[in-house]
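Here is a short briefing to read alongside your protein. Keep the 3D view open as you go through the points.

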Amino acid sequence: MTAMVRLDREASGLGMTSQRARDRLIERLRGEGGIRDERVLDAMRTVPRHLFIDEALASRAYEDTALPIGRAQTISQPWVVARMTEALLESGVPRKVLEIGTGSGYQAAVLAMLVEQVCTVERIDELQRLARRRFRKLGIDNVRCRYDDGRVGWAEHAPFDAIIVTAATAALDAALLQQLAPHGVLVAPIGGSGGQQLLRLRPGEAGWQQELLGPVSFVPLLGGTA
Ligand code: SAH
C-alpha cells in the first residue's frame with residue numbers, strides 16, 4: 001500500500017491558502033515545467049511542502065525554488081523533485097525505492113504516495129530526526145529512515161527497484177550500484193560543486209545504459225556522519 005497523507009487541520013497548517021498555492025505550483029510544473037506524469041503531479045498536490053521547512057519560510061513553500069533547511073542543506077526545488085520522480089516512474093512504478101539524502105523528507109514523502117516502500121538514508125542526525133517526525137505527523141508509514149553515510153546504500157534492504165540520490169557526486173560507489181535490481185533504475189546528479197547533470201542509469205545487456213536528463217544543482221554528497 002502506498003501512503004495517504006493525514007490532512008487534519010493541524011497537519012494542513014496553512015489550510016486553504018496553502019492548498020491554493022500548491023495547486024498553482026502544480027499548474028506551473030505541468031505548464032512551464034513540462035512535467036507530464038499526472039501521478040507525480042497528484043502526489044505533489046497532496047504532500048504539504050510547507051510542513052517540511054521551517055515555519056519562518058513556510059510562506060515561500062510553494063515557490064518553485066530550493067530553500068534552506070539548516071545545517072547548510074536545502075529542500076530540493078519542486079521542479080527537480082517532480083522531474084526526478086517522473087524519471088524513476090517512466091518505465092513502471094517501482095515497488096521499493098532507496099533514497100540517499102533524506103534532508104527535509106519531502107522527496108521521500110512524495111515517493112511514499114506512489115510506491116509501496118521507501119528506504120531513505122541521511123548523514124545528519126538532526127535532519128533525519130526532523131524528517132522522521134514529519135512522516136509520523138502526516139501518517140506516512142511506508143518510509144524507513146536510517147542515520148548513516150548513504151554512499152554505500154542500505155544493503156540490508158537491497159535489492160531496490162529504484163535508487164534516487166539527492167546529493168551531488170562525481171562518482172557513484174560500486175556498492176550502491178550493486179543494490180539495484182536487474183530491472184532497476186537509478187537517478188542521480190553527477191558532477192562537482194559548479195553544477196551537475198541529472199543521470200539516469202539502467203542495467204543493460206551490454207553494461208549500464210546511461211541517459212543525461214539535464215542540468216541540476218545539488219548540495220554535495222559527503223562522507224561520514226554528522
Ligand atoms: N531529498 C531532500 C533534499 C536533499 S539535500 C529533500 O527532499 O529535502 C541533500 C541531503 O543529502 C542533505 O540533507 C545531506 O545531509 C544529505 N547527504 C549528503 N551526503 C550524504 C551521504 N553520504 N549519506 C546520506 N545523506 C547525505
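The notes below start with the overall fold and then turn to the core and a few individual residues.

This is a predicted model, in which local features need pLDDT of at least 70 and side-chain atom pairs count only at pLDDT 80 or more, while totals for chains, interfaces and linings use all residues. Residues are numbered from 1 along each chain as its sequence is written, and side-chain values use heavy atoms, with hydrogens and water left out.

**Overall fold**

- The protein has 7 helices and 9 strands, where helices (H or I, at least four residues) and strands (E, at least two) are DSSP runs numbered from the N terminus.
- Its radius of gyration is 16 Å, close to the 17 Å that the globule rule gives for 226 residues, so the protein is as compact as a globular protein of that length. The radius is taken over C-alpha atoms, and the rule is 2.2 Å times the number of residues to the power 0.38.
- The C-alpha trace spans about 50 × 40 × 40 Å along the principal axes.
- Contact means heavy atoms within 4.5 Å. Of the contacts with a separation of 6 or more, 57% are between residues 24 or more positions apart.

**Surface and charge**

- Of the 226 residues, 53% count as buried. Buried means under 20% relative accessible area, exposed over 50%, and partly exposed in between (1.4 Å probe, protein chains only).
- The protein exposes about 10500 Å², and carbon and sulfur atoms supply 50% of that area. These areas come from the Shrake-Rupley method with a 1.4 Å probe; for residues, only the protein chains shown count as cover.
- There are 28 positive and 27 negative side chains, with the centres of the two sets 3 Å apart. Lys and Arg count as positive and Asp and Glu as negative, leaving out His and the chain ends; each charge is placed at NZ of Lys, CZ of Arg, CG of Asp or CD of Glu.

**Nonpolar cores**

- A nonpolar core is a set of buried Ala, Val, Leu, Ile, Met, Phe, Trp, Tyr and Cys residues joined through side-chain atoms within 4.5 Å.
- The largest core holds 54 residues, and Met44, Phe52, Leu88, Phe135 and Ile140 touch the most other members. Helix H4 (residues 78-89) gives the most to this core, with 7 residues.
- A second, separate core has 16 residues, including Ile100, Val121, Ile163 and Leu177.
- Beyond four places in sequence, the residues that Leu88 touches include Pro94, Leu111, Ile163 and Val187.

**Backbone features in loops**

- Ala158 and Pro159 are joined by a cis peptide bond, with omega about 0 degrees. Pro159 sits in the loop between strand S5 (143-147) and strand S6 (160-165).
- His157 is in the loop between S5 and S6 as well, and is buried at 14% relative accessible area. Apart from neighbours within four places in sequence, His157 contacts Lys96, Cys119 and Arg144.
- Arg71, in the loop between strand S1 (67-70) and strand S2 (73-75), has a positive phi of about 55 degrees although it is not a glycine. Arg71 is partly exposed at 40%.
- Ala72 lies in the loop between S1 and S2, with a positive phi near 65 degrees. Ala72 is exposed, at 70% relative accessible area.

**A buried glutamine**

- Gln196 lies in strand S8 (residues 196-204) and is buried, with a relative accessible area of 4%.
- The C-alpha atoms of Gln196 and Gly214 are 8.4 Å apart, although 18 residues separate them along the chain.
- Gln196 also touches Gly214, and its other contacts beyond four places in sequence include Ala168, Pro189 and Phe218.
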